[in-house]
Protein chains: 2
Amino acid sequence: MAPSAPTAAPVLPSRGRLQPLGLDEVRITGGFWAERQSVNAEATLEHIGHWLEREGWIRNFDLVDTGDLTRERRGREFSDSEVYKYLEAMAWEIGRTGDPELESRFRAVVTRVARAQDADGYLNTKFGHSGQPPRWSDLQWGHELYCVGHLLQAAVARARTRPEADDGLVAIARRAADNVCATFGPDGIDGLCGHPEIETALVEFARATGDDRYLHQGALFVERRGTGRLGDVEWGREYFQDETPVREATVLRGHAVRANYLAAGAVDVAAETDDPDLMKAVRDQWRNTVARRTYVTGGQGSRHQDEAFGEDWGLPPDRAYSETCAGVGSVMLAWRLLLASGDSGYADLIERTLFNVVSTSPGADGRQFFYTNTLHRRELGTVPDGDRPSIRAAAAQRAPWYEVSCCPTNVARTLASLAAYVATTDDEGLQIHQYVPGTIAHRPVDGTDRRLTLTTGYPADGQIRVRIDSDDDRPWTLSLRVPGWADRGATLTVDGEVRPVRAGYVTERRTWRRGDEVVLSLPMAPRFTHPDARIDAVRGCVAVERGPLVFAVESVDLSGGENVDELLVDTSQPPMLAGGRVVVCCRRLDPADHHWPYGGGEAASTTTPRGDLLEVPLIAYHAWANRGPSTMRVWLPTI
Amino acid sequence: MAPSAPTAAPVLPSRGRLQPLGLDEVRITGGFWAERQSVNAEATLEHIGHWLEREGWIRNFDLVDTGDLTRERRGREFSDSEVYKYLEAMAWEIGRTGDPELESRFRAVVTRVARAQDADGYLNTKFGHSGQPPRWSDLQWGHELYCVGHLLQAAVARARTRPEADDGLVAIARRAADNVCATFGPDGIDGLCGHPEIETALVEFARATGDDRYLHQGALFVERRGTGRLGDVEWGREYFQDETPVREATVLRGHAVRANYLAAGAVDVAAETDDPDLMKAVRDQWRNTVARRTYVTGGQGSRHQDEAFGEDWGLPPDRAYSETCAGVGSVMLAWRLLLASGDSGYADLIERTLFNVVSTSPGADGRQFFYTNTLHRRELGTVPDGDRPSIRAAAAQRAPWYEVSCCPTNVARTLASLAAYVATTDDEGLQIHQYVPGTIAHRPVDGTDRRLTLTTGYPADGQIRVRIDSDDDRPWTLSLRVPGWADRGATLTVDGEVRPVRAGYVTERRTWRRGDEVVLSLPMAPRFTHPDARIDAVRGCVAVERGPLVFAVESVDLSGGENVDELLVDTSQPPMLAGGRVVVCCRRLDPADHHWPYGGGEAASTTTPRGDLLEVPLIAYHAWANRGPSTMRVWLPTI
């Protein structure tokens, strides 16, 4: 494999339908995501650095050289990975903005990491040093390979944004990857990591370095999984996806982050080794998972006990785990499948997950995060102590940090690299998958520059104006995604001519001239969404959506002190926009308390709706819980 | 306190509305429960003994004296308690039947336990010996006091069934209790146990021995709880009920077994210390718990992660934890509240829980057990390996043994002592709370024998015939419980005169003569049961009940291969009895698969009921999963 050209993007397959444009080619210049990126740059990255120091997770690297790891090391067995994800986030951010202060912070951390690496490339602060368990002695829970995976992803980000840099991160990663190949190769330890991550990372590192050894090692790890090598645990081998080989599985199952990371790695292997069987297996798994195991927000994972997918149709909103990192993993997987296939359904899920999971995790200030993203909170709960890492994944409110603090760094690296998920190219032209105000500039091999400007207020507004800023002498195809939810009512305006368009990619092929304009108009009336009848937990309920956003009722908006759990929506009246808010008409349930809540006849169900119609304002789900403790629900029972 | 007269019953309050009759006074001679008791005696007790030896949990006691506990001890930190619950079950069974072979098994185990007791009374195989953590060094998780509690309950059972026995168990328990009082008294360690149990055990031991010190120590433990002494854990201090003092709490919360055991102990303390405030606090907690946090089966606990109650109305059937031991704990609590107050609602819950939780756990052969009792299983799952303890609490089928194997011994001790929950006495007369074919014989202080025979096919049949077999010279009141579900349609026949009776206790006072007869007739037509509208997880569903039994649809009964999750009940047709089965009319849901299971309009909900009405046979919930792997649901969506 030849090393990929240094496009500033996290995923650069050498084969497949589409090739991404990088941060250097796509600029997000305003709107929803630019604001998120700005908070990420100005608050979140500093916040992460602060907590990583405060909790000693960076200092652990110093201790390898100078301290007493046995006594002084702090953090869980995977804390090294947070430092690497912080590095990855900074690398993308430096690529995006060139911030010199961030560059020096980045280098300082790399220097400390470098000193902890053993001569043979092994790098981990939890294992293998005096007084610690030996290297690779706990593949089930030790996360050593997982940590190396995140190190490689950080190095890939650096290599693709500052290929000329002399900080040494790529060399560190190469030594660590070589150590993994030497240790776990065909003649080495016949094992794999309890938490997938190394698989996708090794393939991407192979792409970045052009060294096929890393691809082969990643493929080997993918093939080893599903054969029971990891041993059993209380919630079953599927927790690690180790009960069924990747090629034979039909759906994502077990721990939802692990499942998505593994599937992403399998797609990477399938793409690079040209393995249509493996690719089809993962596509089918994705299809079944999205059809039966995914929340309306795009969230995945409905079990708190093992942070796992439940069975088909088991999607309780009140116990939605919907881990932020599973959302990130789902975007990783869907993006790889989109690049491989060009099918719009993957971009649909990415959009839904970005707006309703990834952007829900951070609070407005970028300094607190939901680890899980429930769709229904019945009780106010208590506000986490802002001065300590939360020990509760399912915190009642966003917390600044967690003992298992994977979400802040995962959100940060995703937001910093977000421009790389907006547009792609192929032999025919350009494809735009996500709508942001911004610019796209791409020079195809043997072609002339293609420059575009996107103007839109999306998702507040449904009009997306694409203006061509360059002249071409050959025809090429501009493809715009029409989301699945916009299947009825979307239009495309070209040369003043309006035509209805359906879900999928609408295309316009021509020899584009500077000033040419195409306007995609998406239907933005708020709408009721009904669940499949087999999702038991939301039977008799509707959700409200507008554009790509899911809405919710939050107690702080109920001026009459109504209980979010005692409202019934009147679906004969469509949801409206009023005063800038999405509003639904409701009646109040008038529940009578009984000593026993089950009984004969309808009386027992205490469903007499009371009083006049109320106009209840909703809030975009991603924005909830920014106004103090509150109760909330996405799915609303109907009258 | 004077020691209680040795009535053969587990709970003998010195104050309160009602006093229980013991195993020596109530005999269950046939029917549902006699069959269960027979399987318990003939299969379960032997099964438990076999596994306790096989897993080394009895041998651990030998090791204190002769072995190497550090290397050889097996089982979790609470495994001693299973040996004590086994002793308790055997003690009741010996009291019930006088089986000499069981008597010798019992004595053999007591002898081995005795040798493990330290000179100062401390008794535990996990702590305090060479190479082990020190005594009382882990109050949060160590279960040392919990184990002593079960030892005391075993001794109480023995003292009340064989007061003259020379096996030494009561003396062992007394030394252990004295050690607890010396260690944790007002001047001792200011701590308490992470798992309540010692509280109720100490009060009962005080009742059995007449020694108030044990009562005071139990009261001290009750008062210490709720003050944060145990420290925090991931799922919150409420896991241990340590976030709010017992007197201030308004509902049961946290770990459902712990919550019930603690509340039972608090009632015991309130009864013995004549503390109406404490009693009222627990009564209110019970009332709110039953009204908002209890499954239709009587099951409690809806969270797998921490085996805990959820919040009000959070009662998902598919993730019902409904731990068998929480059912046992709920019976313990309700029985104590019934004795204190005489209110029939407590006996109603006991009946419901015995028939639908406690009797659901053991399989028909008495050699396999559900640890949790879900109300909905969507997938077949895999049958547990019968040759190893299951590491999964939520096993797909009943398992012979668990790594945490609290349910077999808890079921065994409950079934063996069940006759003590049937009837009570007070100054007015006799009360019958549970209906079994059997005899009651009681001699009141300063009175003549009262003897009765109960004849009934309950719960298959609703007629309960009570015949008086003794002559009296003074009037007394016979009280019969009319269950809440029988509020409409129950009748009492006295002297050929039939009168309608309502839920609660129906009474008949007279000077009874041999041959007098009273017949209670309960309405046994199967019925639809509707949930409170606030129980989100079963909106739009009904359950089917008949008498005290909850019914379910089980896949093995669907001869046409229908999926239990694709049936809609037609509630316009009442459930019927046909061919000895309860039958409901259903249509098949005809779900269309979509790539995304949420959409606009009713189309997305794919609810076109298809085809003709099907007559679907149901099974009593307690009997499910005895015919191989199956899917099942209690709550059925309606058309």
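This is a predicted model: local features need pLDDT of at least 70, side-chain atom pairs count only at pLDDT 80 or more; totals for chains, interfaces and linings use all residues.
Visitor: What makes chain A agree with a compact globule?
Guide: Its radius of gyration. For 639 residues, a compact globule would come out near 26 Å, and chain A has 25 Å, so the two agree. If you'd like a box around the C-alpha atoms of chain A, picture roughly 75 × 70 × 45 Å along the principal axes.

Visitor: And what is chain A built from?
Guide: Its secondary structure comes to 14 helices and 24 strands. Of the contacts in chain A with a separation of 6 or more, 68% are between residues 24 or more positions apart. Buried residues make up 65% of the 639.

Visitor: Why is Ala625(A) called buried?
Guide: Let's set the value against the cut-off. Buried means under 20% relative accessible area. Ala625(A) has 6%, so it is buried. You'll find Ala625(A) in the loop between strand 22 (619-620) and strand 23 (632-633) of chain A. Its phi is near 65°, a positive value in a residue other than glycine.

Visitor: Is Asp274(B) buried or exposed, and how do you know?
Guide: Exposed means over 50%. Asp274(B) has a relative accessible area of 53%, so it counts as exposed. Asp274(B) lies in the loop between helix 10 (256-273) and helix 11 (276-292) of chain B. Phi is positive for Asp274(B) too, near 50°, and this residue isn't glycine either.

Visitor: What makes the relation between chain A and chain B that of a two-fold axis?
Guide: Look at the rotation that superposes chain B on chain A: 180°, with 0.0 Å of shift along the axis and an RMSD of 0.0 Å. That is why we speak of a two-fold axis. The same surface serves both copies, as 100% of the contact residues of chain B recur in chain A.

Visitor: Which peptide bond in chain A is cis, and what is its omega?
Guide: The one joining Tyr458(A) and Pro459(A), with omega about 5°. Pro459(A) is in the loop between strand 7 (450-456) and strand 8 (463-468) of chain A.

Visitor: What about the bond from Tyr458(B) to Pro459(B): cis or trans?
Guide: Cis, with omega near 5°. Pro459(B) is in the loop between strand 7 (450-456) and strand 8 (463-468) of chain B.

Notes:
Residues are numbered from 1 along each chain as its sequence is written. Chains are lettered from A and ligands numbered from 1 in the order in which they are written. Side-chain values use heavy atoms; hydrogens and water are left out. Helices (H or I, at least four residues) and strands (E, at least two) are DSSP runs, numbered from the N terminus. The radius of gyration is taken over C-alpha atoms; the globule rule is 2.2 Å times the number of residues to the power 0.38. Buried means under 20% relative accessible area, exposed over 50%, partly exposed in between (1.4 Å probe, protein chains only). Contact means heavy atoms within 4.5 Å. Copies are superposed by least squares on the C-alpha atoms of residues with pLDDT of at least 70 in both.
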